[in-house]
Amino acid sequence: MSNDARPPRVLANWYLSECLGSGYSGSIYRAQHVHSGRVVALKVQNVDHECPTNRYERRFYPALQGGEGMPLLYAAGVEGDWDYLAIELLGPSLDSLLRKSGQDAMDLRSVCCIAMQVISRLEIMHARGILHRDIQLGNCTIGLAPNDKKIYMIDFGFSKQYIDPYTRRHIPDSKAKRDFIGNYWFSSIGVHCKGKVPSRRDDMEAAALMFIHLLTPRGLPWTRNGVPKTDDAHARLKQAKRHARPEDLCRDIPSEFEEFLRYCRRLKFEEQPDYAQWREEFRSLAVEQGFPNDDAFVWPPPPIPEQNVYRSPTKTPRRTPAPMDPDDMEDILRGLGNLDLGGQRVVLGDRQNIANGVRAAQQGSGKKPGALIKPKPKQNIIISINSSSEGSQDSRTPAPPVRQQSKALQLSQLRVRVGDARDNAALGQAVLDFVGVMRGCTSKNLTKEGFAFLDALHKKLADPEAFAQPMRTSRSRTSSDRATDPLRPQEKLSIVRRLNLTVQQAKSSQALAKMVTEFGTVTNRSTGRTITKDGFAFFEGLATKLRTLQ
Ligand SMILES: Nc1ncnc2c1ncn2[C@@H]1O[C@H](COP(=O)(O)OP(=O)(O)OP(=O)(O)O)[C@@H](O)[C@H]1O
């Protein structure tokens, strides 16, 4: 079908009016039922379209009905040449909100709310045995008032059941490479670059990339050149995605996002993500920054106090994806795989690419110039979240496990305790508590708050009286650091093992300080920046040693 073919004015008693959006395989119209007067979004496709996503999408709606943020489906059917879905009418997508805002990134409070809600939506879909597989800004919309603070997931045209309906077991993994289904910007590395079988972890990784994209001025690096038009450009995009390190993607945003991305990438194929934990991480992050303790997505965002707003010195407007060349479009259309309607879900190549191209061509410019709002840097004085702030959990979502404070907050408090420590016993206890916090976290990687803790420890050990030591173990890499290649995992392991084995032989607190620095440096240069078993043992040994160095 070509998108030029318009459906009739009245289709199955739905009177079509304004076009709300167009995808590769069809269009969505505001429509009103001629008898009941109900107003819906009518997703209309030609029955002969080579990418009949309506036919797939309608299979998933029944299972999703009643789920928070899942649109209602009022009717579905085929009339004449047209396949239609009558879906609850919703508001604009995140893509459209951001574009219309004129900003090149979203504020931290908004992204934390989006993160909490999108994670909840994925939890619902996954609990019902369904993967979304096309997480992106255009597929997250807000509702219409009074539901305009709620995020809805739409477009289940690429969705898939990951629980076999007959055996009730998780679908099997496979080494065989698969054709890519998803979108260029946010599909996980496993699915997009390695052709892996998608599972819950890939929806989560796509969500993580989307959050980072939203917070990053001009977005993720591989989105900045627009939709790739050639195989070479696509290969370069995959290469960039594959090689972008989480710490580089998240350099100027709160470490929770880096940790979340790492967490998603570490999940096993069949592993169930800890949705509640991450919802709480983002809730705590918002609260730490002085934002309200709820997940209501308020757009446009209320004014942020001046001290919370960071304006980039190198403000660059987001580049608009170039409109797609009609010839390229034709090539891509020709290249679409054949459909296999009888068996598994049809394998389509890069539908979003085409859809984006169509949108770009139709919409022309989608420029996002404007001021950059960045998260307030973490403050030195940390205010504890009191237990009452945990109590106002949205009643619609299951209560999270009791989680007192975020990792970042606890580490920052420990750093302050190290600075205040009056004797080695207090210092040793702070080190043990550091081990406790790190062990208790799903992600064992050392974040900037962890490195700040090590810096404070180093300062204290090197000269308990002097507080003017330079930051030795700082996480932020200097240009000379950058010249140093990352350590191979084996090198890191052996250095940390040596530190662990020799910590008891240290003769002075200065010698311990050196070891802390060495640990920090080695971890900083490692790819994962995780604390290993030997690392934890080193800190426990250090705490023991401190007691004997009274
Ligand atoms: N229920 C709805 N209410 C209001 N607008 C909607 C609704 N569903 C979709 N839209 C609008 O239409 C756009 C395209 O919708 P959708 O993603 O479902 O279609 P699609 O044909 O699958 O698109 P694509 O090929 O881009 O994925 C959305 O980004 C949104 O702006």
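A41 stands opposite I87 in strand β6. Strands, here and below, are DSSP runs of E with at least two residues, helices are runs of H or I with at least four, and both are numbered from the N terminus. The model is predicted: local features need pLDDT of at least 70, side-chain atom pairs count only at pLDDT 80 or more, and totals for chains, interfaces and linings use all residues. Residues are numbered from 1 along each chain as its sequence is written.

The strands β4 and β6 run antiparallel and are joined by 7 bridges. Two strands are said to pair if DSSP finds at least two bridges between them. Strands of a sheet pair through backbone hydrogen bonds, either parallel or antiparallel. Strand β6 also pairs with β5, again in the antiparallel sense, over 6 bridges. Within that pairing, G77 has Y84 in β6 as its bridge partner. The strands β5 and β6 form a hairpin with 2 residues between them. G80 lies in the turn and has a positive phi of about 60°.

How many residues of β6 are buried? The count is 6 of 7, so β6 is largely enclosed by the rest of the structure. A residue is buried if 20 or more other C-beta atoms lie within 10 Å of its own, exposed if 12 or fewer, and partly exposed in between, with C-beta atoms placed from the backbone.

Y29 has L42 in β4 as its bridge partner. In total, 6 strands form an open sheet with antiparallel pairing, in the order β1-β2-β3-β4-β6-β5. Strands β1 (10-11) and β5 (73-79) stand at the edges. Each has a single partner strand, so one side of each is left without a neighbour in the sheet. Helix α1 (residues 53-64) packs on the sheet and touches β4, β5 and β6 (82-88). Contact between two residues requires their C-beta atoms, placed from the backbone, to lie within 7 Å. The direction of α1 makes about 35° with that of β6. Axes are lines fitted to C-alpha atoms, for helices over the stretch in contact, and angles run from 0 to 180 degrees between N-to-C directions.

A helix pair was examined next. The axes of α17 and helix α18 (residues 509-525) come within 10 Å and cross at roughly 165°. That makes α17 roughly antiparallel to α18. Angles over 145 degrees count as roughly antiparallel, under 35 as roughly parallel, 65 to 115 as roughly perpendicular, and the rest as oblique. The crossing of α17 and α18 is left-handed, a term used if the near helix is turned anticlockwise from the far one by less than a right angle. K492, I495, V496 and L499 in α17 meet M515, E518, F519 and V522 in α18. The residues of this contact divide into 6 nonpolar, no polar and 2 charged. Ala, Val, Leu, Ile, Met, Phe, Trp, Tyr, Cys and Pro count as nonpolar, Asp, Glu, Lys and Arg as charged, and the others, Gly among them, as polar.

R488 is found in the loop between α16 (479-483) and α17 (489-502). R488 is exposed, with 12 other C-beta atoms within 10 Å. The C-alpha atoms of R488 and S526 are separated by 6.9 Å, although these residues are 38 apart along the chain.

Several backbone features lie in loops. Most residues other than glycine have a negative phi, and most peptide bonds are trans. The peptide bond from A145 to P146 is cis, with omega near 10°. P146 sits in the loop between β8 (140-142) and β9 (151-153). A cis peptide bond also joins W299 and P300, with omega about -5°. P300 is placed in the loop between α9 (275-288) and α10 (326-335).

R133 has a positive phi near 70°. R133 is in the loop between β7 (130-131) and β8, and is buried, with 24 other C-beta atoms within 10 Å. Phi of R168 is positive too, near 60°. R168 lies in the loop between β10 (160-161) and α4 (189-194). R168 counts as exposed, with 8 C-beta neighbours inside 10 Å.

Overall, the chain comes to 19 helices and 10 strands. Of its 550 residues, 45% count as buried.
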